Each structure stands twice: as structure tokens, then as C-alpha cells.
Amino acid sequence: SKRVTNYFVEVGSDPQIYATAVRIRDQGGVSNQADRQLVQIYIENGRRAGAGLDSATRARVTGLFQRLNDIQRDYLVTLFKDSSAITIATADTVGLPAQFRAALVPSGAGFVVRVNESTYPQYMQNERSADARKRFAVAYFNRGGQANIDRLHGALVLRDSLGRLLGFSTWAAYQLDGKMAKDPKRVISFLETVDGRLLGHARTE
């Protein structure tokens with residue numbers, strides 16, 4: 001996985017591939033729409049990967065992207081290996097789907113509930129005990145422990161550095177540049193509009 005992600009980082013930042021794509025676009029080297037779009041994808045990917053930067057900055061960006069991928073991979077691996085669980089009383093299983101209850105492991109006077117991505121939706125939507133839901137949520141959001149918290153801090157620093165090296169004010173601005181929204185301000189404005197329309201209904205409910 002590491003070799004594959006490093007390879008794609010290097011391909012994306014390759015200045016020769018980027019320059020070739022720009023030259024083909026500028027010289028009108030392709031005639032059909034599909035090929036023009038493919039050339040544009042190479043240009044956009046190269047621009048966002050730092051292929052158009054000077055060699056020293058490009059090398060730094062490539063190294064930071066590879067380090068960021070390593071952190072993100074290790075973060076996910078740690079989550080997948082996490083075996084967090086909580087124990088709930090038999091009374092707290094009332095309301096849980098029958099198939100979900102059947103998979104619970106008995107423990108003393110209650111049952112063990114595994115805390116992971118697959119159990120989260122059904123448990124949180126159906127568990128009637130607020131205390132049991134709270135204990136599950138706390139365990140869920142603490143998966144990976146301090147090691148993953150440290151990885152998050154490291155990822156934030158790398159993302160901020162990458163965003164600025166690539167010419168953006170923030171990592172959010174960098175991410176949205178390649179999407180329809182384009183600008184974080186547009187996203188925030190949209191969310192505030194949605195909030196304004198829904199908050200009254202939420203309070204009523």
C-alpha cells in the first residue's frame with residue numbers, strides 16, 4: 001500500500017508528464033472531447049501535486065504528501081485493529097434489532113457490544129438508554145487512543161504546510177479548489193443557510 005501511494009504521488013508531481021499535458025492542450029494536440037478531458041485531468045492533478053513548482057519545492061511537497069499518506073494509513077490500520085467494547089445490562093438490549101442482539105456476547109449479567117463502524121449506526125439509533133449510548137459514543141470516538149490523536153495532530157500540520165506550499169491559504173481551500181464548491185466561504189455560506197432553515201425544526205423536535 002505504501003509503495004502504491006508513493007508511486008501515485010510521484011506520478012502526480014512528475015514535471016515532464018505535467019509539461020507534456022500542458023503542451024498538448026496549448027497546441028491542440030487532441031481533437032475529441034474525451035481526450036481533451038483526459039489531458040485536463042493530468043494538468044489539474046499535476047498542478048495540485050506540485051508538478052509546476054520549482055524542483056526544491058516540488059521535492060518538499062512530494063515528501064510531505066508521502067508522509068501524510070503514511071500517517072493516514074497508520075491511523076486507519078489502528079482503527080481497524082481496535083477491539084473496543086462496552087458492557088450493557090440485559091435491560092439495555094430492549095429495542096435493539098433482533099439480529100443485532102443475537103450477535104452480542106453474554107458477559108455476567110449483561111452483554112458485550114463491540115464498538116466499531118459496523119455496530120455504530122444500529123446501536124446508536126436503537127439503544128434506549130442515554131447512559132449506554134453515551135458510553136458507546138465515548139468508546140467509539142476514543143478508538144485508536146493517544147497514538148491516533150498524535151497522528152491527527154501530525155496530519156493537521158502537514159496539511160497546513162502542503163496547502164500553503166501549493167499556493168492556498170488553507171488545506172480546506174486546497175481541497176475545495178478541485179471540487180464544485182471551489183471556495184470555503186461558499187461552503188460556510190451554504191451551511192449557514194441550511195442551519196437557518198433547519199434549526200427551528202430541530203428545536204421543535
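Biologist: In strand 3, which residue is the bridge partner of Ser107?

Modeller: Strands of a sheet pair through backbone hydrogen bonds, either parallel or antiparallel. Here Gly110 of strand 3 is the bridge partner of Ser107. Two strands count as paired if DSSP finds at least two bridges between them; strands (E, at least two residues) and helices (H or I, at least four) are DSSP runs, numbered from the N terminus. This is a predicted model, in which local features need pLDDT of at least 70 and side-chain atom pairs count only at pLDDT 80 or more, while totals for chains, interfaces and linings use all residues. Residues are numbered from 1 along each chain as its sequence is written, and side-chain values use heavy atoms, with hydrogens and water left out.

Biologist: How many bridges join strand 2 to strand 3?

Modeller: Strand 2 (residues 105-107) is joined to strand 3 by 3 bridges, and the two run antiparallel. Val105 stands opposite Val112 of strand 3. The hairpin of strand 2 and strand 3 has 2 residues between the strands, and Gly108 takes a positive phi near 60° there.

Biologist: What is the order of the strands in the open sheet?

Modeller: The open sheet of 3 strands has the order 1-3-2, with antiparallel pairing. Strand 1 and strand 2 are the edge strands, each pairing on one side only. From one strand to the next, the twist averages 40°. Strand 1 (residues 85-89) pairs with strand 3 (residues 110-114) over 5 bridges in the antiparallel sense, and the partner of Ala85 in strand 3 is Arg114.

Biologist: Which helix lies across strand 1 and strand 3?

Modeller: Helix 7 (residues 130-141) lies across them, running at about 175° to strand 1. Axes are lines fitted to C-alpha atoms, for helices over the stretch in contact, and angles run from 0 to 180 degrees between N-to-C directions. Contact means heavy atoms within 4.5 Å.

Biologist: At what angle do helix 1 and helix 4 pack?

Modeller: Helix 1 (residues 2-12) packs on helix 4 (residues 55-81) at about 150°, with the axes 10 Å apart. Helix 1 is therefore roughly antiparallel to helix 4; angles under 35 degrees count as roughly parallel, over 145 as roughly antiparallel, 65 to 115 as roughly perpendicular and the rest as oblique. The crossing is right-handed; a crossing is left-handed if the near helix is turned anticlockwise from the far one by less than a right angle, and right-handed if clockwise. Among the residues in this contact are Thr5 and Val9 of helix 1 and Phe65 and Asn69 of helix 4.

Biologist: At what angle do helix 4 and helix 8 pack?

Modeller: Helix 4 and helix 8 (residues 145-165) pack at about 155°, with their axes 9 Å apart. Helix 4 is therefore roughly antiparallel to helix 8, and their crossing is left-handed.

Biologist: How do helix 2 and helix 3 cross?

Modeller: The axes of helix 2 (residues 15-27) and helix 3 (residues 33-49) come within 9 Å and cross at roughly 140°. The two are therefore oblique to each other.

Biologist: How many aromatic pairs does a search of the whole structure find?

Modeller: A pair of aromatic rings is described by the distance of the centres and the angle of the planes. The search finds 10 pairs; rings of Phe, Tyr and Trp (its six-membered ring) pair if their centres lie within 6.5 Å, and planes under 30 degrees apart count as stacked, over 60 as edge-to-face and the rest as tilted. One of the pairs, Phe65 and Tyr174, is tilted, with 6.4 Å centre to centre and 45° between the planes. Phe65 lies in helix 4 and Tyr174 in helix 9 (residues 171-177), so this pair ties together parts 109 residues apart in sequence.
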